[in-house]
Amino acid sequence: MSSITADNAEQYGDSRKLAARARLHSQYTIAETAWFPWIAAQLPLKPGDRVLDVGCGPAWFWAATAGLLPADLHLTLADLSPGMVDEAMARCSALPFGSVRGCQADAVALPFEDDTFDAVIAMHMLYHLPDPAAGIADMSRVLKPGGVLAVTTNGADNMREIYELTAVFGSAPSDPAAEAFGYDAAERSMRSQFGNVSMSQHPAGLRITEPEDVFLALTSYPPGDRAGETQLIRFRQAIAEAFSQRSGVLEVRKETALFLSRKTA
């Protein structure tokens, strides 16, 4: 992803379309520990670490977990979209970090010296790259020896009950992110680069009670955001039928996981 395509600019110029998808998770997730705090607890960070977030988006993670993380982190927020970087900086500049800086950056050509960061984080972004392994290689390059790469992504059965409804658009009944870079690809690519990897899956599901939130989420990105009126009518009907068959509540399985690799000296 060496340039901002028209589709990416529309999707990620700011956080509005992303927010439509995030609402499903923020409103309806059933979990003992919410996703962001769960990730924060898994990250092996130390006070004063230099941390790079590649594909930071609007930095919701850092805003939600600033009080849960070690003190005095020096945070670099990087994204291909300058609009996302601006939003991330506006959200994080006043938070209790040692320092915060923003940078527009290509994930496969990071503008940093070798051995710069104690940790690199890539949350739900590697599936956007034509060559995720190239992104992992460059993230490894900028890690210090002993540093950690943390990657999150989805499994093949993630939210299948929802993605099955997109058949009206001609889509496969599965998570497109997982098809592009799912569990197997993450494990294989990170082990190939680092020689080690560990995986932890977040125990969670969705219990959705509002059909309109499903409609808004799945029409916020292709092909739903380009569907014609007839397809959208059929999609609303498919959603309504799914809720009706389940007494008004759509129970959805989630498969989301954190992969960690450490750079050996």
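Which side chain meets arginine 23 in a salt bridge? Aspartate 213 does, at 2.9 Å, N to O. A salt bridge here is a side-chain nitrogen of Lys or Arg within 4 Å of a carboxyl oxygen of Asp or Glu.

Some ground rules. This is a predicted model, where local features need pLDDT of at least 70, side-chain atom pairs count only at pLDDT 80 or more, and totals for chains, interfaces and linings use all residues. Residues are numbered from 1 along each chain as its sequence is written, and side-chain values use heavy atoms, with hydrogens and water left out.

Back to our pair. Aspartate 213 sits in helix α10 (residues 211-218) and arginine 23 in helix α2 (residues 16-28), 190 residues apart. Helices are DSSP runs (H or I, at least four residues), numbered from the N terminus. Aspartate 213 is buried, at 7% relative accessible area. Arginine 23 is partly exposed, at 37%. Buried means under 20%, exposed over 50%, partly exposed in between, with a 1.4 Å probe and protein chains only.

The whole structure holds 13 salt bridges. One of them joins glutamate 212 to arginine 236, with the closest N and O atoms 2.6 Å apart. That pair links helix α10 to helix α11 (residues 229-245), across 24 residues. Glutamate 212 is partly exposed at 30%, and arginine 236 is partly exposed at 40%.

Now helix α6. Arginine 141 and aspartate 138 form a salt bridge, closest N and O atoms 2.7 Å apart. They lie three residues apart in α6, so about one helical turn separates them. Aspartate 138 is buried at 12%. Asp114 joins Asp138 and Arg141 in a network of salt bridges.

Note on methods
Helix = DSSP H or I, 4+ residues; strand = E, 2+ residues; numbered from the N terminus.
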